[in-house]
Amino acid sequence: MKITTSAPGKLMLFGEHAVVYGRPCIVTAISERLTVREGNPIGDTRFLDAAIALWGKPGMKISATSSFSGTYGFGSSSAVTVAALKYIRPSASNRELFDAAYKIILDIQGKGSGFDVAAAIYGGTLYYIKNKIIEPMNIKNMPLVVGYTGVKADTVALMAAVSEKMKAQPDRVERIYDAIAKLTEDAKVKMVEGDWERVGRLMDFNQDYLRDLGVSSEKLESLILAAKNAGACGAKLSGAGGGDCMISLVDERNRKKVEDAITKAGGQVIHIAPGAQGVRLES
Ligand code: MEV
């Protein structure tokens, strides 16, 4: 029987970078998916090859197609790895999938908190602490707007820059991470309550700390400012920084205004739904 599997992309909502250093983050799986089926692979096959080497049989041929561009920072590496492992071993538990996929990501990329792997497997919106907690959150109707900067972030380089900063100014960076952890805990509560005004303010605070950390960019700042000036509850970069996407929370009556402002500032609005289902067998 021929099977197909798919796994969702993700957006980091709170806690990027700090999560690499043991603090919590909040991530949501998105409606854009990556699909794996039988066939000759094309493009970057590193993750497919690693999945076959770990769980598959030699000579196995699987290919991946994506409903989203790999440049958005939606986590295509983790989604393809998870979908491929599920394809090879459909009966694997989520825990087995996580351990195998996280190992592959670390082997290939060298670093990473695994939050994107968790999102691809479990779906929904998750509170995540590396090697400790993967906790589903019950979130309804998150009014999220996403703007792409047009610039692909170099996650590995940004993580290395942050790690250098940590060596140079450990106390300062630890304080930033503690502050991000505190606001992430607050966001966890307020998101479940659906208090988007407050969650938006917390996004603003998170963005202040990310700017301090040196991972924002002019383009991100101009899209964030445009969203805020158009009445968004709050806005921040999402992911490693330097490019990729910014996210914003809006009062639904303001959505169009905020989206137009992001477009006018040179961003590309991407329509996705948060809280998507995790990895699944399609057929
Ligand atoms: C990158 O999308 C988010 C980082 O926190 C890295 C990671 O958690 O793996 C910078």
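1. **Buried area.** Domain 1 and domain 2 bury about 2,800 Å² between them, and carbon and sulfur atoms give 69% of that area. Buried area here is the accessible area (1.4 Å probe) that two parts lose on being put together, summed over both. The model is predicted: local features need pLDDT of at least 70, side-chain atom pairs count only at pLDDT 80 or more, and totals for chains, interfaces and linings use all residues. Residues are numbered from 1 along each chain as its sequence is written, and side-chain values use heavy atoms, with hydrogens and water left out.

2. **Domains.** Domain 1 covers 4-139 + 274-281, and domain 2 covers 144-270. These bounds come from an automatic or database domain assignment. The C-alpha centres of the two domains lie 22 Å apart.

3. **Contacts.** On the domain 1 side, 29 residues are in contact with 40 residues of domain 2. Contact means heavy atoms within 4.5 Å.

4. **Salt bridges.** The rule finds four across this interface. It asks for a side-chain nitrogen of Lys or Arg within 4 Å of a carboxyl oxygen of Asp or Glu. Separately, Asp178 forms a salt bridge with Arg23, with the closest N and O atoms 2.9 Å apart.

5. **The domain 1 face.** Strands S1 (5-14), S2 (25-38), S4 (125-129) and S5 (133-137) each supply at least two residues of the side that touches domain 2. Strands are DSSP runs (E, at least two residues), numbered from the N terminus. S1 gives the largest share of that side, four residues.
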